[in-house]
Amino acid sequence: MDSKIKDSEGRIRNVEFKMATQIAMLTELLAEHLDYSDEDLDRLRADAIRHLKETNGSFRF
């Protein structure tokens, strides 16, 4: 049972890494296309972190 859990954890980590890589690439592409400065991205990141902390990681559409 433990080996199955460890295998699942490894697969989840790999998928999370791939997803994070894709999100980072999209963020860079979008920021470059929209001429966002590093300061703009820092402000957006801070707003996103604050929002996620306030909502405990959940959000509504």
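## Exposure and the model

Buried means under 20% relative accessible area, exposed means over 50%, and partly exposed lies in between, using a 1.4 Å probe and protein chains only. By these cut-offs Gly 57 is partly exposed, because its relative accessible area is 44%. Gly 57 is found in the segment after helix H2. In sequence Gly 57 is 48 residues from Glu 9, and their C-alpha atoms are 21 Å apart in space.

The model is predicted, so local features need pLDDT of at least 70 and side-chain atom pairs count only at pLDDT 80 or more, while totals for chains, interfaces and linings use all residues. Residues are numbered from 1 along each chain as its sequence is written, and side-chain values use heavy atoms, with hydrogens and water left out.

## Overall form

The chain has two helices and zero strands; these are DSSP runs numbered from the N terminus, with helices being H or I of at least four residues and strands being E of at least two. The radius of gyration of the chain is 16 Å, well over the 10 Å that the globule rule gives for 61 residues, so the chain is more spread out than a compact globule. That radius is taken over C-alpha atoms, and the globule rule is 2.2 Å times the number of residues to the power 0.38.

Along the principal axes, the C-alpha atoms fill a box of roughly 50 × 25 × 20 Å. Of the 61 residues in the chain, 5% are buried.

## The two helices and the loop

Helix H1 covers 2–33 and helix H2 covers 38–54. H1 has 32 residues and reaches 46 Å from its first C-alpha to its last, close to the 46 Å expected at 1.5 Å a residue. The expected span is 1.5 Å times one less than the number of residues in the helix. For the 17 residues of H2 the rule gives 24 Å, and the end C-alpha atoms of H2 are 24 Å apart, which agrees.

Asp 35 sits in the loop between H1 and H2. Asp 35 has a positive phi of about 55° although it is not a glycine. Its relative accessible area is 67%, so Asp 35 is exposed. After H2 comes Asn 56, whose phi is also positive, near 60°.

Side chains of opposite charge can pair when their charged atoms come close. A salt bridge is counted here when a side-chain nitrogen of Lys or Arg is within 4 Å of a carboxyl oxygen of Asp or Glu. The count comes to four salt bridges. One of them joins Arg 45 and Asp 42, at 3.1 Å from N to O. Arg 45 and Asp 42 are separated by about one helical turn, because they are three residues apart in helix H2. Both side chains belong to partly exposed residues, with a relative accessible area of 47% for Arg 45 and 44% for Asp 42.

Asp 47 takes part in a salt bridge with Arg 43, where the closest N and O atoms are 4.0 Å apart. Asp 47 and Arg 43 are four residues apart in H2, about one turn of the helix. Asp 47 is partly exposed at 32% relative accessibility, and Arg 43 is partly exposed at 47%. Asp 47 also meets Arg 50 in a salt bridge of 3.8 Å, N to O. Arg 50 and Asp 47 are three residues apart in H2, again about one turn of the helix. Salt bridges that share partners join Arg 43, Asp 47, Arg 50 and Glu 54 into one network. An α-helix has 3.6 residues a turn, so residues three or four places apart point the same way.

## The largest pocket

The largest pocket holds about 170 Å³ of space. On a 1 Å grid over the protein atoms alone, a pocket is an open set of points where a 1.4 Å probe fits, with protein on both sides within 12 Å along at least five of seven lines, and lining residues have an atom within 4 Å of a point. Grid points are joined across faces, edges and corners, and the volume is the space filled by probe spheres set on the points.

The lining consists of Thr 27, Leu 41, Leu 44, Arg 45, Ala 48, Ile 49 and Leu 52. H2 gives the most to this lining, with six residues. By class the lining has five nonpolar, one polar and one charged residues. Here Ala, Val, Leu, Ile, Met, Phe, Trp, Tyr, Cys and Pro count as nonpolar, Asp, Glu, Lys and Arg as charged, and the others, Gly among them, as polar.
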